[in-house]
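Here's a quick look at what can be computed from this model.

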Amino acid sequence: MGKGKFLGEFEQIVLLGVLRLKGDGYGMSLRREIERRTGRAVSIGAVYATLDRLETKGYVSSHDGESAPVRGGRARRLFQVEPAGTQALQASKDMLNRMWDGIEVDPRTA
Amino acid sequence: MISSPRLARWLVERAAGRVHGPALVGDLEEEFYDHILPTRGPTRAVLWYWGQALGSAGPLLLRRRERARSRKSSSQAKGDHMWMFLQDARFSIRAIRKNLAFSVILITTLALGIGANTVLYSVVDGLVLHPFPFPDGDRLVTVGTEYPRLGTGLNFIEHMSPAEFTDIRDEARSLQDIVAWDMGNRQVSFGEMSDNLFTGFWWGDAFQTIGMSPYLGRGMTAEETVRGDAVAVLSHRIWQSRFGADPQIIGKTFGLNGNPYEIVGIMPPRAEFSGMDLWMPMGVGPEVFPRQRRQFQVMARIRDGFSLDQVNAELEGLARRTELEYAREMEEYADWRMTAFTWTDANVQSLKPAAYILLGAVGFVLLLVCSNVASLLLGRSAQRRQEMAVRVAMGANRSRLVRQMLTESVTLSIAGGLLGLGLARLGTNATAEILSTLPFVSGTVELNTRVLLFTAGVSVAAGVLFGLLPALQNSAVSVQGTLKSEGASVTGSRGRLGLQRVLVAVEVALALVLLVGGGLLISSVARLNAVDTGFQPENVMTMRLTLPREDYDAAAVSTFFQTLEEEVSAIPGVVAVGRGDQFPPIAFSFTRVATEGLEVTDEGQLPVVLSTIASPGYFEALGIPFHRGRSFSDLDVEDAPMVAIVNEAAAELLFEGQDPIGKRVRGGVDEDSPWFQVVGVAGNTVNVGPDQPPMAQVFLNHRQVPEWSNQMFLLVRTSVDPYSVVPAIRSTVRGIDADQPVYRIQTAEETLARSTASRRIAATVLSIFAAFALTLAAVGIFAVVSFSVGERTREIGLRMALGAEASQVRRLMIRQALMPVVIGGVVGLGVALLLGRLMGQLLFEVTGTDPVTLLTVTALLATVALVASYLPAMRASRLDPIEALRYD
């Protein structure tokens, strides 16, 4: 997980997912999106735990969406990215790019 | 439609907490029903749900812990508890796998103890606590009666008359759905086959009373039972065994005395009533019977708002009113009583003592197992000292350590419990097999929900019990002393050794109690087997025939049996043939007997004797000797003077030492009842069971009183294997009456064996427990002595270097090893003496304080203890002093 201001890998993935879903993202749709795009099997609990962490840090915010009988009357929780979140994402991306700068990797050699 | 798994949902909800729980669960539900279920099908959808739940628990709990930490709250947050438990469980499994061999020994020992408990509890649950499937079983009662003037005790079977039944039915306000029934054997024909079924004849709708619906079809209405409509209900068992569970059975007919009866219903499974296979209407109303015809049983439900005590109070009032009204003409009503018992209680009374003793015994076994495991764990803990010290240094406080170790021991014991369940399954199957051969034992022995809950509870409790001591001991660690290489902290190991010695004492005490119990029972069974039966039960085949009164009048009964005996005696291999309405140890027919010359007007003062109706061949077939006079002969025919034979006990009782030959007796004080002249005195037999002294008995010749019995046992002595003549006997019977079935086919030896069955079973089971206990105690002693040798190696080296001889060292070790054994033995003897009294009913000719048994058992235990401590002691004496001194 991210130390201090920096985002951990999974935190970045979740944040990017929330961005992608443009404010309509809720737990399960996020999970599906992540699984689809990364090919990584992820539990809904892991997604929520990360969202909670991100919310505590102020990078995302959430509000209640609609409830439905199939959900047992429970409301959906919708997430959207906060400005602080986009900043953190950009910072992480920049950091990685700077480390990548000038490096070419050939998977066939060490 | 499949719904989402509740348990998985609950798990996720608990792990997620209040903040995100609802949204998360909502997401899961929506995904499950809208996307997963339609595309993947029910099984894979449920699997998916569980996968999500289990995979989510970890991250969610971690997150909650983070929150708790950041909130600087104490680690008592709920998520923390669960987290800690999961962590501990993972550590436990790792620790168990690291010490695999040791853990396997522990788990196996636990499995044996828990498995034994499970089997026994399933027996007690199935036979004593819940033998019947009737809902609200403790509101279902039967009413027993007691007539002191007739010399009868409290009895439920064939002890109530129709008038007494209607009195209850019409007047008792605390009871409802009161029904009554009579039982008897009837031969029924289904197409070509005929069968003898134990049948109940009912007044009232019994299904209402027992509170169950028929498995198929319907029951009989109260009106039908009184009118005698041609309807009947079959038992579930017969429907399965004789009719192959034919689903079209309703509406089919069978024949009884040539009349067709329609099968209208099938009983629910396991609804057992004294082994009745057929339910039929009584056919007449209760008012046709005389008030004194007591051959019926009564059952009812306690009305809502009343208790069993209130029922009994009301019955007492009713009894006293009846006494007031009828006691003058019917003397048996003086001081008579009616008592209601629950149907279960009435049926299992006789089983309770043995059941409770065995339950207690198996509890002891479990305690023993726990002591043993605790002792072994304590021995192990030397190696864990370092681990404990490291944990303490890393910040674990004592309660945390204790919790960790308890989790470990509970995990061990749950593993033992699971293995034990597997063993128990074998045990219950075997037990169910054995029980199916015993007659009239209601209930099934199985691993039902109650039993499984019991096993789970016992496993966890055992884990805490044996784990507590080692956990407390291990967690009391001094960090500095342990982390330095001065590993052998004297105080620590002293304390441990002391605890182990205490456990040895406990084990020895428990083993001794079990050994004494087993020994007493074995002694009883041996003495029972040695009892002189008074007759020769070897090579005697017995079977029962009931001649229906509708087809056979008294004369025909007599002729039938005469012919039967004559023809059977002609079968090759048959040595003698006789008949009787009862034979040892079966006893159910008693009478009060008056002796001529002794003027007694009050029937209540007459002595009670066993009264048997027999034929001349009875005595020869059973091998009962005659001491004076003669047996019945062919001269004692219908018009000849009425004769009787008495046994030695009756000669004593009725004639006070005078020669009974020529004197006369009769039943009761009624002027019209006939006198019988005694013509012979037969030897005593175990006529009321091998565990009782012979009862006074009077025999009458069936040929002279054929109207008094139409149900007889045929007794056939053979020179060949008794079973080999059965087919010939059957065809002889068929030759006389093609429709007459023969049932209850058993040798006399088997009948005798059955009467001691429960004692023998208890003896066997208890002996197995005792042997197991002895083994465990021996292992425990061995382990503790070995451990103490290990701990004291340096000390031993020192002694030997200072001049002690090997034999001295040996004696020292053995003496110290036997100290706890002696203490445990004394305590055990004390407890055994106390408990011996509780076994009273099961013992025969042996008191609870039998010195022979106590001495034998103590000697056995002492020997075993000596042997168990000898080996390690030998090892100690063989130590090389120099090596020993260097031992760390």
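Accessible areas here come from the Shrake-Rupley method with a 1.4 Å probe, and for residues only the protein chains shown count as cover. On that basis chain A has an accessible surface of about 6,400 Å², with 53% of it belonging to carbon and sulfur atoms. Bear in mind that this is a predicted model, where local features need pLDDT of at least 70, side-chain atom pairs count only at pLDDT 80 or more, and totals for chains, interfaces and linings use all residues. Residues are numbered from 1 along each chain as its sequence is written, chains are lettered from A and ligands numbered from 1 in the order in which they are written, and side-chain values use heavy atoms, leaving out hydrogens and water.

Of the 110 residues in chain A, 42% are buried (under 20% relative accessible area, 1.4 Å probe, protein chains only).

Now for the cavities: on a 1 Å grid over the protein atoms alone, these are sets of points where a 1.4 Å probe fits but cannot get out, and lining residues have an atom within 4 Å of a point. Grid points are joined across faces, edges and corners, and a volume is the space filled by probe spheres set on the points. Four cavities reach 30 Å³ or more.

| Cavity | Volume |
|---|---|
| Largest cavity | about 220 Å³ |
| Second largest cavity | about 40 Å³ |

The largest cavity has 17 lining residues, and B:Phe102, B:Leu377, B:Arg384, B:Glu408 and B:Leu412 lie nearest its centre. Around the second largest cavity, the lining includes B:Leu497, B:Arg501 and B:Met813.

Definitions and conventions. Buried < 20%, exposed > 50% of the residue type's maximum accessible area, 1.4 Å probe, protein only. 1 Å grid on protein atoms, 1.4 Å probe; cavity = no way out; pocket = protein on both sides within 12 Å on 5 of 7 lines; lining within 4 Å.
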